[in-house]
Amino acid sequence: MGNKFKRLAPTIVGIALAIIVLAFVIVYISQWALPSWLKSSPKQSASEEHTATPKPSALPTKKPTTKPTAAPTPKTTSQDAKDPSPSPSRERRETIPILMYFSVSDEQENTAYLSPQHFIEHLEYFAERGITTISMRELYDHWENDHPLPAKPLVLTFNDGFSSAYTDALPALTEKGCTATFYLTVEALDKPGYLTTDMVREMIRAGMEIGSRGMTNTTLENLSQKLLTYHIKDSKEELEQLFGCPVTTFCYPGGRLNDATVAEVGRAGYSTAVLTFRPEAATPDQGLHTLGRIRIERGCGRKEISKILTGLGY
């Protein structure tokens with residue numbers, strides 16, 4: 001037994017030494033000789049976290065720069081342009097004058113034709129007195145929907161659709177920053193002496209309002225229901241289809257009407273309608289489909305228009 005141990009002792013010692021050496025080698029390798037992909041892996045993940053961090057921080061820095069520069073610009077522009085005088089527009093006006101013009105022309109044969117010079121004097125007087133022209137639609141929205149109006153609103157209307165509305169009235173209106181409502185007779189369009197469809201389209205683009213004066217120059221007080229529909233409802237639809245805009249106001253040809261005529265105007269969907277024989281400022285009490293107008297004729301210059309409007313508190 002003793003001899004056997006003596007013979008095995010060197011082997012056991014050798015194995016033990018080999019194990020110790022092997023353990024030392026493994027420890028050494030684990031500390032200093034790791035493969036490069038294992039050593040760089042933590043460093044790469046750390047660097048990816050670093051590159052991901054600045055990306056979110058770059059987005060917030062751009063947002064505050066864009067918002068402050070974009071926001072002030074529209075605010076100043078829209079407020080200055082849309083509400084130049086908000087305080088007086090809060091007042092409700094029960095009386096609004098509607099002026100009735102026929103033609104702006106130097107022709108002498110018709111007393112209803114106002115000279116271009118006198119028409120310009122009217123517009124200049126409006127500007128000096130702080131009078132603002134509005135459309136019939138704006139008048140309706142003020143009375144029915146409480147929409148605000150300028151301190152001194154005034155409606156300019158033109159009957160019949162003569163070509164002088166385009167050649168003489170429109171340039172003066174646009175130059176002075178005014179608007180007007182033009183009542184058109186459907187079957188007169190494109191006829192000599194009357195507006196063409198292209199003229200009307202240009203007037204609409206310039207901010208003018210159009211209304212209907214029926215299909216023809218026929219008065220409407222003694223017509224059948226079928227003919228009333230033709231002149232009132234069909235003329236509205238014809239104009240809307242032709243010009244692509246709402247037609248919400250009507251003018252009675254010759255100013256002649258009866259209860260059936262007025263009822264048909266309401267059924268056809270018109271918001272307002274105007275007369276030619278009630279020479280007074282319009283009020284809601286007159287009825288929205290029987291509003292009065294003040295007739296303007298030849299010889300009505302600055303002095304005359306001043307007298308008319310001063311008498312109405314303007």
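The structure is a predicted model, and a search of the whole of it finds 8 aromatic pairs and 12 salt bridges. Arg 293 is buried and takes part in no salt bridge, while Tyr 101, Phe 119, Phe 158 and Phe 182 are joined by ring pairs into a cluster.

- The side chain of Arg 293 does make polar contacts, one of 2.9 Å with the side chain of Thr 157 and one of 2.9 Å with the side chain of Asn 159.
- When neighbours within four places in sequence are left aside, the residues in contact with Arg 293 include Ile 98, Met 100, Tyr 183, Cys 251 and Val 274, and among them are also Thr 157 and Asn 159.

**Aromatic pairs around Tyr 101**

- Among the 8 aromatic pairs found in the whole structure, the rings of Tyr 101 and Phe 119 have centres 5.4 Å apart and planes at 85°, so this pair is edge-to-face.
- With centres 5.1 Å apart and planes at 15°, the rings of Tyr 101 and Phe 158 form a pair that is stacked.
- This second pair also links distant parts of the chain, since Tyr 101 in strand S1 and Phe 158 in strand S5 (residues 153-158) are 57 residues apart, and Phe 158, like Tyr 101, is buried.

**A charge over a ring**

- The charged end of Lys 236 is placed over the ring of Tyr 270, at 5.2 Å from the centre of that ring.

**Salt bridges**

- Glu 94 and Arg 92 form a salt bridge whose closest N and O atoms are 2.4 Å apart; Glu 94 is partly exposed at a relative accessible area of 40%, and Arg 92 counts as partly exposed at 39%.
- Arg 92 and Glu 94 also belong, together with Asp 146, to a network of salt bridges.
- Arg 302 and Glu 128 meet through their side chains in a salt bridge of 2.5 Å, N to O, which links distant parts of the chain, Arg 302 being in helix H11 (residues 302-310) and Glu 128 in helix H5, 174 residues apart.
- Of these two partners, Arg 302 counts as partly exposed at 36% relative accessibility, whereas Glu 128 counts as exposed at 53%.
- In the salt bridge between Arg 256 and Glu 221 the closest N and O atoms are 3.9 Å apart, and the two residues are 35 residues apart, Arg 256 in the loop between strand S8 (249-251) and helix H10 (259-267) and Glu 221 in the loop between strand S7 (209-212) and helix H9 (225-243).
- Arg 256 is partly exposed, with a relative accessible area of 47%, whereas Glu 221 is buried, with a relative accessible area of 18%.

Definitions and conventions
Residues numbered from 1 in each chain as written. Predicted model: local features only at pLDDT ≥ 70, side-chain atom pairs only at ≥ 80, totals over all residues. Heavy atoms only, no water. Buried < 20%, exposed > 50% of the residue type's maximum accessible area, 1.4 Å probe, protein only. Lys, Arg positive; Asp, Glu negative; His and termini not counted. Salt bridge = Lys/Arg side-chain N within 4 Å of Asp/Glu carboxyl O. Polar contact = N/O pair within 3.5 Å; in protein donor to acceptor, adjacent residues only side chain to side chain. Contact = heavy atoms within 4.5 Å. Phe/Tyr/Trp six-rings, centres within 6.5 Å; stacked < 30°, edge-to-face > 60°. Helix = DSSP H or I, 4+ residues; strand = E, 2+ residues; numbered from the N terminus. Lys NZ or Arg CZ within 6 Å of the ring centre and 35° of its normal.
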